[in-house]
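Visitor: Could you take a close look at a single part with me, and spell out the cut-offs as you go?

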Amino acid sequence: MADDDQFDIDTDSEIDDDDENEESDDDTGFFPIDEPVVYSSQSSTTTSSAAAQIPKQTKGTSEQSGNKYSTSINASNNHPQDNNFEYVVLSQDDIVKYMVECIKEVNEVIKLPSTTVRLLLHHFRWDKEKLMERFYDPNHQDELFRQAHIVNPFKRPHLQTQISSSSHRSTRRQISSSSLSPSSASITTTTTTNPLRPLTEQTCLICCSTKPINDMAGLECGHTFCIICWQQYLTYKIMHEGIGQTIPCPAKCDILVDDRTVLRLIEDSDVRRKYQHLITNSFVECNRNMRWCPGTNCTNAIKAPYCDVAMVTCTTCKTSFCFQCGQNWHEPIKCKWLKKWQKKCHDDSETSNWIAANTKECPKCHATIEKNGGCNHLICKNQSCKYEFCWVCLGAWEPHGSSWYNCNRFNEDDAKKARDEQDRSRSALQRYLHYYKRYHNHHESLRLENKLLEQVQKRMESMQQQMSWIEVQFLQIACDVLRQCRQTLMYTYPFAFYLKRNNHSIIFEQNQADLEHSTEELSGYLERDFSQTNASLTEMKQKVQDKYRYCSTRRKVLLDHVAEGYECDYWEYNEGF
Amino acid sequence: MNDNGALTKRIVKESARLLQEPVPGISASPDEHNARYFKVVIDGPGESPYEGGKFKVELFLPDEYPMAPPKVRFMTKLYHPNIDKLGRICLDILKEKWSPALQIRTVLLSIQALLSAPNPDDFLDADVAEKWKADEKGAKAIARDWTQKYAHEH
């Protein structure tokens, strides 16, 4: 089949182009990426999370030190949830290659042009199996193409297949030399009748200019426009509206413009680059099994065989995050509760701090009231309430006698009831603030410990006058452990916030206290300048090592207990908060 | 790229056709100082609460036209769930469904059709939409009243 041949060439050439043009913005090279990301050879191969976890050491000697410290570190990372989760870190170029691979894989089976396959795959959010399933459902194939906004390639006029063969190719003009050729052919067959074939001029519906037919182009739907209008249209969609994958034909028909057409028509390198970014973006974002690395300025993505709650670590920027929700790695709390917590923090924390300190609520309508002067006889300004009450005891104003300024009503039932209610809301707030402050503290500490790492690295250099490189690595490990513990501790607070009190939550709190205590000690050791202490370097080293091993163990105990709780349903939640 | 020349050609053609074969019930003429600014009057469609009214509309073609949609706004006050107090119109082809194959003529026809068939489910003015859904008769009476009040002077 001529068809098949052509498509085979299509995919091959696309991949070849890709390889060749990694650095240059050439004509057909799909996706020249501005800055090829360099990473160690390990990163491109499949790495289990445990392997990726080996603490960040300077290149070259990682093997030796890895051996020496592997026991303690592995212990700290061996929590059950990310044990067997395998994933790959992909750079921008890798993403493109992977995308092309996906397309090729499907291509080999369904034998359609790669640009059609791309649109189909996009429609199915890059789920190959789903695409295949629907594709081979003969009753719904037509519907499939309609829904994906693609002209059904099997329903093209018969003439079509002959036209795209090589004999006709030579007669076609430049821009239609490959993918556009079938389209323009279908235009002539669908919009105009064959006798009109030798037509040499056409009017573009967008600019209303009449142009030689060589300057016209169109998709398989048969609508043609002049190339200049096409360029303006595509540029506007890409640059102004930020649409890449789903640009429709300008003729208000819903057939989508394929990437080959776009890249053939657009010459401006800025527009091309933006378009290619939009395509990779939608590829990663639509793909259930891929996530962008959330690290600042990091352009990598992570690919996994399935979507699950698991920690993944970017090999370039070392950011660890949850594969399921894309947030920082947040064990022990689950994605759902973390999301709820973050929303609450976003809505509440700053404001509620201030409210707690400065206002009271109207005992009747609970409007928040700030008293900025005047007497203690308050009349609620809420028009539907107008309740009169005493600011001091929050009881109704009525029973207050003339001696109210001393507010001797403290034990009155009414006042007590009002205060109880107020207390309840206040204590809920107190409770939240308790957890929030601790969460926030660890968050801040974690941020500051990036600075600490720099200091420690300097210190490691100076220590190498007395010790060998390998011997000072314990400080680096201590820093890593400290960060891990901080991160875990930080997320234990929102976890505990939503937890209902039971025996296991008490055990959890004890674990938490223990870990927090030892983490602070470890942090203290690292802050201290060793040269100022009397103890010898070896003694200090021993102390630090003992401490970080202890922290690691406690962290593991805490996480294991939580994981066990998830499995055995120990945890009950306060849905209401 | 000679886009300006090409664009003007389209605008000139469209303007000429609007004047030569006007759409029934719609008059549109370009401003004498600015060929991209059109003064439009749309007659309220028959059998709608806007019947008998003459609604002034302003239409402006931005530099990006026809890649970007024209900007259209009602100058006459009217009671309609898809048109807000400032006269802004909630119509898909003026936003994400715009296509350069559409024209001033098609836009104006769509607006006229919107007057015949308000769509309170996709509203712009929440109060009007609510009224329209809860009490269509009452809402139409208000619309008729407003047409009398605001759309009858020229």
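**Between the chains, then inside one**

Guide: Across the interface of chain A and chain B, the rule finds 0 salt bridges (a side-chain nitrogen of Lys or Arg within 4 Å of a carboxyl oxygen of Asp or Glu). This is a predicted model, where local features need pLDDT of at least 70, side-chain atom pairs count only at pLDDT 80 or more, and totals for chains, interfaces and linings use all residues. Residues are numbered from 1 along each chain as written, chains are lettered from A and ligands numbered from 1 in written order, and side-chain values use heavy atoms, leaving out hydrogens and water.

In the interface, 16 residues of chain A touch 18 residues of chain B, contact being heavy atoms within 4.5 Å. About 1,500 Å² is buried between the two chains, with carbon and sulfur atoms giving 65% of that (accessible area, 1.4 Å probe, lost on being put together and summed over both parts). On the chain A side, A:Ile206, A:Gln232 and A:Lys252 lose the most area to chain B, together 36% of what that side buries.

Within chain A, helices H5 (residues 92–110) and H6 (residues 114–123) pack at about 105°, their axes 9 Å apart. Helices here are DSSP runs of H or I, at least four residues, numbered from the N terminus; axes are lines fitted to C-alpha atoms over the stretch in contact, with angles from 0 to 180 degrees between N-to-C directions. H5(A) and H6(A) are therefore roughly perpendicular, a label for 65 to 115 degrees. Among the residues that meet are A:Met99 and A:Ile103 in H5(A), and A:Val117 and A:Arg118 in H6(A).

Methods:
Helices (H or I, at least four residues) and strands (E, at least two) are DSSP runs, numbered from the N terminus. Angles under 35 degrees count as roughly parallel, over 145 as roughly antiparallel, 65 to 115 as roughly perpendicular and the rest as oblique.
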